[in-house]
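Take a look at the model below. How do its helices pack, and what lines one of its pockets?

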Amino acid sequence: MPGKIVRRLKPEEEEVLRKREELAAIRATLAERELELVDLRSQLAAFEGRYLRHVGTLYAELDEWKARIAELQARLNPSATSKVHAEEAREEARQTYDDAHGKASETRDFTPSPELKRMYREAAKRIHPDFATDAADLERRTRFMAAANHAYEAGDADALQRILDEYEDGAEAVKGEGIGAELIRIIRQISLAKTRVSDIEQELAALRRSEIALLRKQAEKKELEGRDLLAELAATVREQIELAKEQYESLARQEAKPA
């Protein structure tokens, strides 16, 4: 029986296959890095929310007392310097209050399930804007990716699945392609994805060096020792508030003395 004839792939077809494998690998890497980034952002935001609620509000109270003290001192010892100091202290108190009571303080803990993470990885592989083929595709992918990020951060697996289904079922997702055009498109997608991975790694490094990340790391270390860093910081600030109150009351008594 004669052997079955197998058509050999053309060189460009072999190259497309190799590039498809490379693209699949970089898609997986990019999805992991995107997940890592959104997780870190959410975790740091959640920790910052706890910090602001437990410690930041106390710092706002402390700065309010400092502003009152500075204003009282400016009345007791009027001068251009004391007036400027009082104005600066009041502005700092306003800023601290706004920071402590703003939207960041409302952020709650973020603990995504393994299934939610799996779904996000899949969405990032399929939807990511770096794999766009033209301007219209880029706009569409960007819109869907933003929605996927929002659903993930909200912990809404059903919404994430709906977003992925809507993206896959959309008429815009169907594209015609020849071997040459596909090869060029894949090469560009690989290049864009590698650039995005590099950008994400730099952003991750910067986030890990941020003040809130370092404070979170300290808190985790203290927790292993059975201690609560935020509670300890709060206790220290409360002591400072009591001292500031005493200083203010002392100055208030001076102001109340008859001339």
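## About the model

This is a predicted model: local features need pLDDT of at least 70, side-chain atom pairs count only at pLDDT 80 or more, and totals for chains, interfaces and linings use all residues. Residues are numbered from 1 along each chain as its sequence is written, and side-chain values use heavy atoms, with hydrogens and water left out.

## Helix 1 and helix 3

Helix 1 spans residues 11–76 and helix 3 spans residues 114–127. Helices (H or I, at least four residues) are DSSP runs, numbered from the N terminus. The two axes come within 8 Å and cross at roughly 125°. Axes are lines fitted to C-alpha atoms over the stretch in contact, and angles run from 0 to 180 degrees between N-to-C directions. That makes helix 1 oblique to helix 3. Angles under 35 degrees count as roughly parallel, over 145 as roughly antiparallel, 65 to 115 as roughly perpendicular and the rest as oblique.

Helix 1 brings Arg27, Ala28, Ala31, Glu32, Glu34, Leu35, Val38 and Asp39 to the contact, and helix 3 brings Lys117, Tyr120, Arg121, Ala124, Lys125 and Arg126. Contact means heavy atoms within 4.5 Å. The residues divide into 6 nonpolar, no polar and 8 charged. Ala, Val, Leu, Ile, Met, Phe, Trp, Tyr, Cys and Pro count as nonpolar, Asp, Glu, Lys and Arg as charged, and the others, Gly among them, as polar.

## Helix 7 and its partners

Helix 1 and helix 7 pack at about 75°, with axes 10 Å apart. They are therefore roughly perpendicular to each other. Leu40, Gln43, Leu44, Phe47, Glu48 and Tyr51 of helix 1 touch Ile212, Ala213, Leu215, Arg216 and Ala219 of helix 7. This contact has 8 nonpolar, 1 polar and 2 charged residues.

Helix 6 (residues 179–209) also meets helix 7. Their axes come within 4 Å and cross at roughly 60°. These two helices are therefore oblique to each other. Leu207, Arg208 and Arg209 in helix 6 meet Glu211, Ala213 and Leu214 in helix 7.

What is the volume of the second largest pocket? It is about 370 Å³, where a volume is the space filled by probe spheres set on grid points joined across faces, edges and corners. On a 1 Å grid over the protein atoms alone, a pocket is an open set of points where a 1.4 Å probe fits, with protein on both sides within 12 Å along at least five of seven lines; lining residues have an atom within 4 Å of a point.

Of the 18 lining residues, Phe47, Arg50, Ala219, Glu223 and Leu230 are the closest to the pocket's centre. Helix 1 gives the largest share of the lining, 5 residues.
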